[in-house]
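Hello,

Here is the structure for your files. My notes on one helix and its surroundings follow below.

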Amino acid sequence: MAQQQFLHQRPIQNPFTNPFSSSPLSNSSASNRPISLFSRNGLLLLLALLVILGVFLPWAGSPLFPFPNRLSSSQSRWRDYSLSQAAKFVAKNGTVIVCAVSYPYLPFLNNWLISVSRQKHQDQVLVIAEDYATLYKVNDKWPGHAVLIPPAFDSQTAHKFGSQGFFNFTARRPQHLLQILELGYNVMYNDVDMVWLQDPFQYLEGKHDAYFMDDMTAPLDHSHALPPPGKKGRTYICSCMIFLRPTNGAKLLMKKWIEELQTQPWSRAKKANDQPGFNWALNKTAHQVDLYLLSQAAFPTGGLYFKNSTWVKETKGKHVIIHNNYIVGFEKKTKRFRDFGLWLVDDHASESPLGKLE
């Protein structure tokens with residue numbers, strides 16, 4: 001009897017007004033009535049959906065977005081990975097080999113790594129990633145060998161020499177090197193548009209504070225002292241390859257370099273990079289720092305190695321690290337390396353700790 005009474009009860013009317021209708025509706029009738037896409041209700045629902053997507057989709061790549069695109073546990077680990085942890089992990093015999101890389105230049109990193117691996121020094125390499133894409137990519141393939149020191153840069157932009165982006169990128173170099181020195185390690189810095197032909201460590205004679213290479217052509221029998229200043233009142237030492245010991249002198253040089261970059265910021269007129277600041281720092285601290293100019297026959301500038309075939313023949317067998325400078329542009333650098341048989345990633349990617357990059 002109770003069941004029959006229940007079945008014959010009238011449905012309870014909804015006292016509220018449906019927001020998509022001009023008249024009150026019961027729960028029963030609302031649920032049974034389909035909503036057409038072209039009706040007023042359908043159009044309002046579609047508009048609401050578009051608003052929601054417009055608000056939340058931009059956050060899809062953010063760690064704050066609580067959906068499938070959030071950071072993996074591995075990515076979170078590498079975000080928290082510190083420079084001290086990374087340096088301790090890669091250091092061998094108290095020495096770390098450092099490069100700084102943004103995502104567009106991963107092919108050059110891989111090319112350089114192949115040459116370093118051939119000299120059995122790849123385990124000492126620490127990649128300072130300038131963006132999170134590089135951090136994740138390198139550590140995914142080679143765990144522990146990349147670290148990011150905030151802030152991170154845009155991963156999609158390949159900054160050209162002389163641009164403000166290039167200056168911002170390179171101006172952080174002395175800060176990175178100083179931090180590693182403060183941790184107590186020797187540090188060798190390389191640009192990744194370089195190729196090792198021999199082991200450079202055998203050329204680091206003595207116990208000097210800082211070792212570097214000249215960007216200007218010098219006599220084959222040049223001394224190892226800092227060259228005299230050029231027309232601009234400073235030397236033309238390349239900041240592309242530097243070896244530093246954790247001495248007070250080397251730390252002073254890095255601090256002075258940082259200071260010079262702060263007092264001579266980038267401008268559209270000057271289109272500066274970090275190298276003039278490095279040279280002013282060298283010139284102003286030369287009486288306080290034990291400096292050593294590396295042999296140019298062993299560490300030639302690109303202006304010599306790629307443009308002076310006579311010099312290359314005279315110095316054959318002496319070349320240690322080749323720098324692909326005195327040329328601007330990703331494609332041009334790649335072509336020149338290929339032309340001289342130094343673009344190794346095409347046929348020898350398996351020799352890199354990163355393997356073949358897709």
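The outward face of α14 carries the exposed residues E331, K332, K335 and D339. Exposed means over 50% relative accessible area, buried under 20%, and partly exposed in between (1.4 Å probe, protein chains only). Helices (H or I, at least four residues) and strands (E, at least two) are DSSP runs, numbered from the N terminus.

This is a predicted model: local features need pLDDT of at least 70, side-chain atom pairs count only at pLDDT 80 or more, and totals for chains, interfaces and linings use all residues. Residues are numbered from 1 along each chain as its sequence is written, and side-chain values use heavy atoms, without hydrogens and water.

α14 spans residues 330-339, and K333, T334, R336 and F337 are its buried residues. They fall within an arc of 165 degrees seen down the axis, so they line one face of the helix. The arc is taken from the directions from the helix axis to the C-beta atoms. Their cover includes α6 (106-118), β5 (194-196) and α12 (302-305).

Now the α6 contact. P107, F108 and N111 of α6 meet F330, K333, T334 and F337 of α14 (contact means heavy atoms within 4.5 Å). The residues of this contact divide into 4 nonpolar, 2 polar and 1 charged. Nonpolar means Ala, Val, Leu, Ile, Met, Phe, Trp, Tyr, Cys and Pro; charged means Asp, Glu, Lys and Arg; the others, Gly among them, are polar.

Just after α14, G341 has a positive phi of about 70 degrees.

Best regards
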